[in-house]
Amino acid sequence: MLRSDLAIIARNVRSGSRILDVGCGDGQLMAALRDHKQVDARGLEIDPVNVATAVARGLSVVQGDADSDLVDYPDGCFDYVILSQTLQTTRRPDLVLDHMLRIGRQAFVSFPNFAQWRIRIAHMFGGQMPVTEQLPHRWYDTPNIHHVTIDDFRSFLKDRGVVVEGQWFLSGNRPRKKALANLMAEHAVFLLRQG
Amino acid sequence: MAKSMQGDERFGLDKRVRLLGPVRLESGAEFAPVDFAYETYGSLNADKTNAILICHALTGDQYVASTHPVTGKDGWWTRMVGPGKPIDPARHCIISINVMGSCMGSSGPASLDPSTGGPYGMAFPVITIGDMVRAQAILLDHLDIPILSAVVGGSMGGMQALSWATLFPERVRCAVVIASTARHSAQNIAFHEVGRQAIMADPRWNNGAYYGREAPASGLAVARMAAHITYLSEAGLTEKFGRRLQNRPDGSMGAKSFGFDADFQVESYLRYQGLSFVDRFDANSYLYITRAMDYFDLAEPHDGVLAKAFAATKARFCLISFDSDWLYPTSESRRIVHALNAAGAAASFVELSSPFGHDSFLLDAPEMNRIVDGFLRAGENL
């Protein structure tokens, strides 16, 4: 059973395409795409134990860091580059996104929305960095070093002239409408291409 | 169903064969006839898709998973090869060949030159890693093995696996390259040169013409000692020996001799490594094989662009490095991965953590086994 943002990506990837999954973890999405959509999948993952698990599943995964290693991939060598729940952990999300749009003809990006109402309430009334089901880490041990909201991301895309070809929003596992997404959605998934 | 290999004299333990060849060498020369010493484990299946070639390192041999005839020790990679292991004779037809230039039965400087009746010595041609691989291809033709489901090797074995995938892209389905590199660095060459000079400085070396006389054992032992340091890590040496002193022959415990005996345990260990090596290895082979490794640069025939070397390959690659390996450090594996990505090849890569330096690939490494097992099985399911 795929996590709901991964399920959205999996549904919207064309069969038989070539994908690079950046921050692929133990290769769950890659395996699903390989098995159900005949996708030629490659992965990049920072954690060696995850890489070992993915390779042991028969996937082609390279241990590396999105911040430093995407530069090694040639232009346009994938149909899709996927970055799920990883954007907010990179040192330079802007440069990572530039590389994704250079390497892939399209890019899927999913991230937790830091403007969702629960987080706003926790922040406003608790006066502390929010710890939620979606963002369970404390301020000192969180890998999420660049929190982003849906509206932040949209204006970022607009500034860079990136074209949005699809957008999906989630609360828990349920899809949400586009309206009020920045307030209501816990997760966002964007399909992008270079403008 | 696997066809029975019984009665087929070409397959089994401790096999020898002389083939006409020739091997067309990179130097431009041709070498013939070619002797091969090799072993096979398991049976080739009916559609000949389960062959795995295991390539050995500098001082390795064909005895991957069977007892070494000189040392009486177990095969050098029984942790990886054997029943229930990632490379399993129940599933695979495993082939391991003593490399050309070596001294365990395949053609090398100690072999007899049919044209003179005496050992080749320095008349043996200088060979390359590619030449070793081209020779192996001749033996595989003799064994009627058209396709290798995998070529697997650590260190120099990894260089051969890479060369197989680039020289015979149509014959290799996947390559496992462990603790290896696509080129010898200046530092790698420098250490080898120390070893070669130690051998050639031994008066018994006699320009390579020592067969039937005393071998240049002191020179070879020093060469081995210097090389052995590069196979370990500082942390490993510190953990194993630290500055601890040897017990003296007179029974005194751990005192300095104020002389040049092996006071430190690490000295004693290295001396032992050197001395035990000369019983099983030929000094001229050491010269020829280190030369082949120094000449190794996979990118050289492709204008220095490593990605071009992989342009024709359809093989899947699995690379593993170890964080304490300073002989062929992780950066060299990453360079290969970068080139494979640029060439669009299917590549996997992991750096594993181990305190034991370059030799880690020969030691117990469950994570390495898990990765190799999964990687090979994925190929078998395709």
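Domain bounds come from an automatic or database domain assignment. On that basis, chain B splits into domain 1 (15–185 + 299–381) and domain 2 (188–288). The model is predicted: local features need pLDDT of at least 70, side-chain atom pairs count only at pLDDT 80 or more, and totals for chains, interfaces and linings use all residues. Residues are numbered from 1 along each chain as its sequence is written, while chains are lettered from A and ligands numbered from 1 in the order in which they are written.

**Domains of chain B**

- The centres of domain 1 and domain 2 of chain B, taken over C-alpha atoms, are 27 Å apart.
- Their contact draws 25 residues from domain 1 of chain B and 20 residues from domain 2 of chain B. Two residues are in contact if their C-beta atoms, placed from the backbone, lie within 7 Å.
- On the domain 1 side of chain B, the residues touching domain 2 are 13 nonpolar, 11 polar and 1 charged. Here Ala, Val, Leu, Ile, Met, Phe, Trp, Tyr, Cys and Pro count as nonpolar, Asp, Glu, Lys and Arg as charged, and the others, Gly among them, as polar.

**Annotated sites**

- UniProt, in an unreviewed entry, places the feature "binding site" at Arg224(B) and Asp359(B). They span 136 residues in sequence, yet no two of their C-alpha atoms are more than 14.0 Å apart, so they gather at one spot.
- UniProt positions are given in the numbering used here, feature names are shortened, and annotations may be inferred rather than shown by experiment.
- Arg224(B) sits in helix 4 (residues 217–231) of chain B. Helices (H or I, at least four residues) and strands (E, at least two) are DSSP runs, numbered from the N terminus.
- Arg224(B) is buried, with 22 other C-beta atoms within 10 Å. Buried means 20 or more other C-beta atoms within 10 Å of the residue's own, exposed means 12 or fewer, and partly exposed lies in between; C-beta atoms are placed from the backbone.
- Beyond four places in sequence, Arg224(B) contacts Gln273(B), Gly274(B) and Phe277(B).
- Asp359(B) occupies the loop between strand 10 (346–352) and helix 10 (366–381) of chain B. Asp359(B) is buried, with 22 other C-beta atoms within 10 Å.
- Leaving out residues up to four places away in sequence, Asp359(B) touches Tyr231(B) and Leu232(B).

**Chain A against chain B**

- The interface pairs 15 residues of chain A with 23 residues of chain B.
- Helix 3 (48–56) and strand 3 (60–63) of chain A each supply at least two residues of the chain A side. The largest share, 5 residues, comes from helix 3 of chain A.
- By class, the chain A side has 10 nonpolar, 3 polar and 2 charged residues.

**Nonpolar core**

- The largest nonpolar core has 170 residues, and those with the most contacts inside it are Val55(A), Val151(B) and Ala175(B). Such a core is a set of buried Ala, Val, Leu, Ile, Met, Phe, Trp, Tyr and Cys residues joined through C-beta atoms within 7 Å.
- Domain 1 and domain 2 of chain B both give residues to this core, so it lies between them.
- Setting aside residues up to four places away in sequence, Ala175(B) has contacts including Val151(B), Trp164(B) and Phe317(B).

**Phe191(B)**

- Phe191(B) belongs to helix 3 (residues 186–201) of chain B. Phe191(B) is partly exposed, with 18 other C-beta atoms within 10 Å.
- Not counting residues up to four places away in sequence, Phe191(B) touches Ala226(B), Ala227(B) and Thr230(B).
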